[in-house]
Amino acid sequence: MPTIEIKISDFESLLGKGKISESELESLLEYVKGEVKEFLPKEDSAKIELNDSNRPDLWCSEGIVRQIRLMESNGPATGGKGYPFFTDRKGPAERRVIVSKELKSIRPYLAACVARGMRVSDPILVQLIQTQEKLAEIFGRKRQTVSIGLYRLPKIVFPVRYEVADPARTRFTPLGFDQPMSLAEILARHPKGIAYAPTLKGADRYPILIDAKEQILSFPPIINSREIGEVQVGDSDLFVEVTGTDLRMVLLALNIFACNLADRGATVEPVAVHFPEETEFGGEIVMPLDFSAPMEVSLDDFDQVLGEKVAKEEMVSLLSRYGHRLSEEGKRFRVTAPPYRDDIMHPIDVIEDFVISRGIAHFDPEMPSTFTVGSLSPLERLSDRIREEMVGLGFQEVFSNVLGSRQEFVERMRIERVGKERPEARLIEIKNPMTDRFSVLRPWLLPLLLRVESA
């Protein structure tokens, strides 16, 4: 589960409640399914573990404070923090980013916005970098699906282009270095290039962000330029971009960052991103974009799951305080999550937010009304007996994973042609595997048996 580090004084400043003790913080963290792992007031530091990997908006001080402040207000409709940049737009966006069609098979999506008027202090910079890294490493799967860049806005001339470049001929000075390097050299020599080179595996040309004056902003998802992409204490106007392979994840990461910056006092201004082809949100998208879809629930859903009658007024009040927007349609309600969340996939998710908002302590525990004893089925008892007898006869029992690797099922088995001629070589591959070792559904048992034999 994600663990973040906060500066206690910065957290207190965001919360606006004065000094906070460890026990008070522990109590407030119940609203975000978090717990204090370390509290060091002398070092002005605390570590918080979030017991929910579905809420990347909470992996930062701003997100945690936002949820707490919503709970202590009356929700977004009556006193909660609003984000007008999602809805109150007048006229077209002044700034544009143009995405090249050549990025389709490499890294096709980009989201962007501008934040002005927030002076970057040392605690703010630390939190921005931490949020950037947490979102890219965990939510973005080590920058594979999402990476984030921050830039000094005054140095950028719009429109900005997101395009591909020749790895050997394209050069700029990356963060952490004093001399220009080619994109190929960055992947071979720069620490970030070495670490994240796999995100561009198989590409013969690499993505770059470049402005109207032909200044290179960055080499996504690897590294920013030192000249424009090194945000420093004292900066007040920022350009934020997110690139990746999944449009919803890219948009969500930008929404989270935009809300964080707004909570810090920044004025968030839109950027229009022009794509070469239509996406599910259009060919040109003005961002940040609130793409939250409503979820329909009824009071009967609450009664069935919680085992008690829930009053309409309480349901509306608690869900509103948790940040949701509600509208009543007959006997059902349309519940829409705030724009920095994309984790409501089922009515159960809405009910869980209601439970958190009300507080677990408000539910009376009940002992089970029936008593049951678990036992093995007759078939399992027979299987155990057969296994025991066969081990006694000298056989080995082999447990193998349902998932494996292409190397295991194809390359080591010397199968050179993968097609209809070899049924055992027809692979069902996982679209977004956590590791290549478990990326293919097991097509046959022999390779795994041979692996055991070789060991």
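In the predicted model, the axes of helix α9 (residues 312–321) and α10 come within 9 Å and cross at roughly 85 degrees. Helices α9 and α10 are therefore roughly perpendicular to each other, since angles of 65 to 115 degrees are classed in this way. On the side of α9, the contact is made by Glu314, Met315, Leu318 and Leu319, which meet Val350, Asp353, Phe354, Ser357 and Arg358 of α10. By class, this contact comprises five nonpolar, one polar and three charged residues.

Helix α10 (residues 347–358) also packs against helix α8 (residues 299–306), their axes coming within 10 Å and crossing at roughly 70 degrees. The pair α8 and α10 is therefore roughly perpendicular as well. Here Asp301, Phe302, Val305 and Leu306 of α8 meet Pro347, Ile348, Val350, Ile351, Phe354 and Val355 of α10. The residues of the contact between α8 and α10 divide into nine nonpolar, no polar and one charged. Val350 and Phe354 of α10 take part in the contact with α8, and Val350 and Phe354 are likewise listed in the contact with α9.

Helix α8 lies across β16 and β18, running at about 70 degrees to β16, and α10 lies across β16 and β18 at about 65 degrees to β16. The sheet concerned is open and consists of three strands in the order β16-β18-β17, with antiparallel pairing. Strands β16 and β17 stand at its edges, each with a single partner strand, so one side of each is left without a neighbour in the sheet. Neighbouring strands of this sheet are turned against each other by 30 degrees on average, direction ignored.

Within this sheet, strand β17 (residues 325–329) pairs with strand β18 (residues 332–336) in the antiparallel sense over five bridges. Ser327 stands opposite Arg334 in β18, while Leu326 stands opposite Val335 in β18. The hairpin of β17 and β18 has two residues between the strands, and Gly330 in this hairpin takes a positive phi near 65 degrees.

A further open sheet is formed by three strands in the order β1-β3-β2, again with antiparallel pairing. Its edge strands are β1 (3–6) and β2 (34–40), each of which pairs on one side only. The twist averages 20 degrees from one strand to the next. Strand β1 is joined by four bridges to strand β3 (residues 45–50), and the two run antiparallel. Glu5 stands opposite Lys47 in β3. Lys33, in the loop between α2 (22–28) and β2, has a phi near 55 degrees, a positive value in a residue other than glycine.

The largest pocket holds about 1500 Å³ of space. Its lining is made up of 45 residues, of which Arg141, Gln144, Thr145, Asn432 and Pro433 lie nearest the centre. The elements that give two or more residues to this lining are α4 (122–139), α6 (191–196), α7 (247–263) and α12 (406–411). By class, the lining residues of the largest pocket divide into 17 nonpolar, 13 polar and 15 charged.

The second largest pocket has a volume of about 510 Å³. It is lined by 27 residues, with Gln132, Arg143, Ile148, Leu175 and Asn224 nearest its centre. Two or more residues of this lining come from each of α4, β6 (146–152), α6, β11 (216–219), β12 (223–224) and β13 (238–244). Among these elements α4 gives the most, with six residues. The lining of the second largest pocket has 14 nonpolar, seven polar and six charged residues.

Methods:
Residues numbered from 1 in each chain as written. Predicted model: local features only at pLDDT ≥ 70, side-chain atom pairs only at ≥ 80, totals over all residues. Heavy atoms only, no water. Pairing = 2+ DSSP bridges. Axes fitted to C-alpha atoms, helices over the stretch in contact; angles between N-to-C directions. 1 Å grid on protein atoms, 1.4 Å probe; cavity = no way out; pocket = protein on both sides within 12 Å on 5 of 7 lines; lining within 4 Å. Points joined across faces, edges and corners; volume = space filled by probe spheres on them. Nonpolar A, V, L, I, M, F, W, Y, C, P; charged D, E, K, R; others polar. Parallel < 35°, antiparallel > 145°, perpendicular 65-115°, else oblique. Contact = heavy atoms within 4.5 Å.
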